[in-house]
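Student: Could you walk me through this one with me? I'd like to ask things as we go.

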Amino acid sequence: MSMILSDLPRRTSATVEAVEDRVPNDAIARRLRELGFVDGEQVQVMAVGPIGAEPLLVQIGYTRFALRREEAARVRVRSNGAGQTGVGQA
Amino acid sequence: MSAVAVPLRLALVGNPNSGKTALFNQLTGSRQKVANYAGVTVERKEGRLTAPSGRQYAVLDLPGAYSLHPASLDEAIARDVCRGFYPGEPAPDALVCVVDATNLRLHLRFVLELREIGKPMIVALNMADAARRRGIAIDVDALQRELGVPVVETVAVRSGGAQALIAALDHIGTRSAAPQKRLAAHERDDAGESQALHAETRRLLSLAVTMPRRTARIDDALDRWLLHPVFGLLALAVVMFLIFQAVYAWATPMMDGIEAVTGWLGDWVGGALPAGPLNSLLVDGIIAGVGGVIVFLPQILILFAFILALEESGYLPRAAFLLDRMMAAAGLSGRSFIPLLSSFACAIPGIMATRSIQDPRDRLATIMVAPLMTCSARLPVYALLIGAFIPQQQVWGVFNLQGLVLFALYMAGIVSALAVSWVMKKWRRDKSEHPLMLELPSYRLPHPRDLLIGLYERAMIFIKRVGGIILALTVLLWFLLSFPAAPADAVGPAIDYSFAGRIGHAMTAVFAPVGFNWQICIALIPGMAAREVVVSSLATVYALSASNDDAAAQALSPLISDGWSLATALSLLVWFIYAPQCLSTLATIRRETNSWKQVAISAGYLFALAYLASLITYQVAVALGAG
């Protein structure tokens with residue numbers, strides 16, 4: 001099931017499909033790709049901020065990033081289905 | 001082997017949080033020079049290293065970067081220096097690429113990007129010990145073979161942890177071969193690059209690295225509590241409370257000590273030199289003026305010690321995470337939290353700390369509101385006025401009215417800062433998106449050596465920056481206050497006849513509506529150098545002989561409580577929430593923004609706010625019968 005990262009429920013493992021440009025030459029999308037949001041990477045939302053559930057604490061690979069919802073909405077992901085965790089071999 | 005006459009230029013380059021600066025400290029120790037890159041306020045750190053072989057190295061610690069496609073000034077400088085394009089900066093002979101061994105997926109991608117530059121390079125697998133503890137096994141030989149450049153393990157926080165790196169450096173020469181492996185031509189165009197780099201990173205990881213789990217258990221456990229919507233905010237409040245306690249409680253004995261030394265030095269110089277203009281300049285001008293600023297160094301150092309420890313431990317980005325939504329609503333960013341926290345000690349280090357904010361718009365907004373945080377220099381003024389005018393009484397049985405007023409003054413500053421940045425946000429035509437994208441690194445224990453080096457560097461920056469400007473202004477103010485001398489048959493205090501005295505009388509035309517008398521106006525002039533000087537200036541104006549601020553406050557208090565109305569006192573309190581009465585802060589804004597326009601805007605809006613707020617306070621108080 002394809003969805004955007006900002007809609008992914010907390011602590012649900014998913015796989016990144018792509019980062020989509022909002023504007024031509026979207027610098028934020030480019031940076032997200034450089035930070036490792038590329039096809040096939042495992043991603044999880046670990047926590048959300050105290051007000052307005054923003055920002056999101058996103059785990060990608062071995063790194064955690066604070067992303068605002070606007071930023072996370074650029075990342076298209078595929079849910080790995082229930083019961084799975086993000087633990088796995090590199 | 002003969003020593004090379006010209007030291008080999010090394011550039012340390014790597015992702016933020018790779019332990020690059022800790023490795024730099026390990027390599028160069030205290031032999032560091034901190035300055036700025038030409039034309040910008042990005043910190044340039046260079047140090048010397050002499051290898052056991054006798055070879056000399058000049059090591060440059062580049063700003064942390066995620067990529068050679070820069071998203072900030074820091075990253076642009078890292079890229080330009082690596083490529084040898086930065087004006088006035090010689091190209092490095094070799095790159096030392098520092099990577100966090102526990103976070104290779106992110107950091108190896110940058111290694112591959114740097115390899116494309118084609119310079120000789122060594123990869124330092126930093127935090128190798130932490131990787132082993134977490135059960136991460138890295139086949140260094142395989143990684144080295146596949147990357148085509150030397151790879152060594154380092155532990156920046158352990159003495160001797162960089163030995164392998166230093167040994168490997170001796171094998172690198174200025175003419176040594178550039179890396180052989182490069183991306184294929186079709187992969188080097190913009191679109192293909194990102195995918196190709198990630199594909200190659202994955203291939204390297206699968207060949208050389210086995211990793212039992214993705215994160216450290218300790219990080220999971222700590223984040224679960226420290227980022228919790230309720231417990232996380234509670235923990236943040238406790239941390240802040242402890243810092244404030246420490247800044248105000250621990251610094252007092254040291255500040256008393258500095259005041260005693262300054263006073264003693266003034267007495268000694270005053271006694272040793274014949275009376276005259278030179279004596280007065282040295283004692284009343286330079287020693288008193290510079291001493292009045294140095295006295296805040298203990299508070300600033302304690303605050304910075306906490307901030308550095310929190311930064312090294314990985315907690316500060318978590319605080320930014322918790323507060324981002326709130327601060328974004330006001331036109332700031334979670335990253336603004338640290339500079340604004342520093343500004344409670346002094347706006348100067350606070351404004352300097354805005355360098356960690358990558359977004360120029362967020363950084364400017366933070367610089368603009370930093371002076372609204374109640375800095376420690378306002379405390380002596382608040383203490384004098386509250387002591388003289390606010391009765392010592394209980395409110396609702398638990399609170400002390402004087403304490404409540406002090407708290408209200410602090411809150412007024414914070415609320416005003418949020419309001420000002422909110423207005424700035426509405427005012428801007430630029431509605432583009434300004435990203436957060438903040439990495440939350442693994443928690444780690446700060447190393448005392450890194451804390452001490454960081455603290456020393458910040459202290460020196462503060463002293464150097466403040467020293468020059470304070471010295472110049474103090475001399476100017478002393479001149480205004482001392483000349484022309486009073487005539488022999490003078491009846492009033494000498495200050496009445498000086499330039500400052502005349503200016504003070506002239507200023508009452510402007511300040512009468514806010515309730516300031518001519519004595520206050522005169523005191524405001526020397527108060528421009530440092531706010532707390534207002535207390536001793538008022539004392540001078542009231543023709544009292546006071547050697548330090550405390551003695552002045554005690555004797556001055558009954559005088560002003562008889563002489564001033566409550567409305568005037570309240571108006572002056574409110575004035576100090578806003579007034580841009582600190583030329584050192586304005587000088588720092590000039591340095592950090594490189595623009596006189598921003599200085600004019602911040603001084604202008606602060607002055608307008610101060611005047612308006614005082615006017616309202618005074619007129620309302622008079623209307624209510626407090627005049």
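Predicted model: local features only at pLDDT ≥ 70, side-chain atom pairs only at ≥ 80, totals over all residues.

Tutor: Residues are numbered from 1 along each chain as its sequence is written, and chains are lettered from A and ligands numbered from 1 in the order in which they are written.

Student: OK, how many residues does helix H12 of chain B have?

Tutor: Helix H12 of chain B, residues 316-329, has 14 residues, where a helix is a DSSP run of H or I with at least four residues, a strand is a run of E with at least two, and both are numbered from the N terminus.

Student: And where is the kink in it centred?

Tutor: The kink in H12(B), of about 55 degrees, is centred on B:Leu323, the bend being the angle between axes fitted to the seven residues ending at a residue and the seven starting there.

Student: Why is H12(B) called largely enclosed?

Tutor: Because 12 of its 14 residues are buried, meaning that 20 or more other C-beta atoms, placed from the backbone, lie within 10 Å of a residue's own; B:Phe321 and B:Met327 are among them.

Student: Switching topic, how many residues does each chain bring to the contact?

Tutor: Chain A brings 33 residues and chain B brings 35, counting two residues as in contact if their C-beta atoms, placed from the backbone, lie within 7 Å.

Student: Which element of chain A gives the most?

Tutor: H1(A) does, with six residues on the side that touches chain B.

Conventions
Expected span 1.5 Å × (residues − 1).
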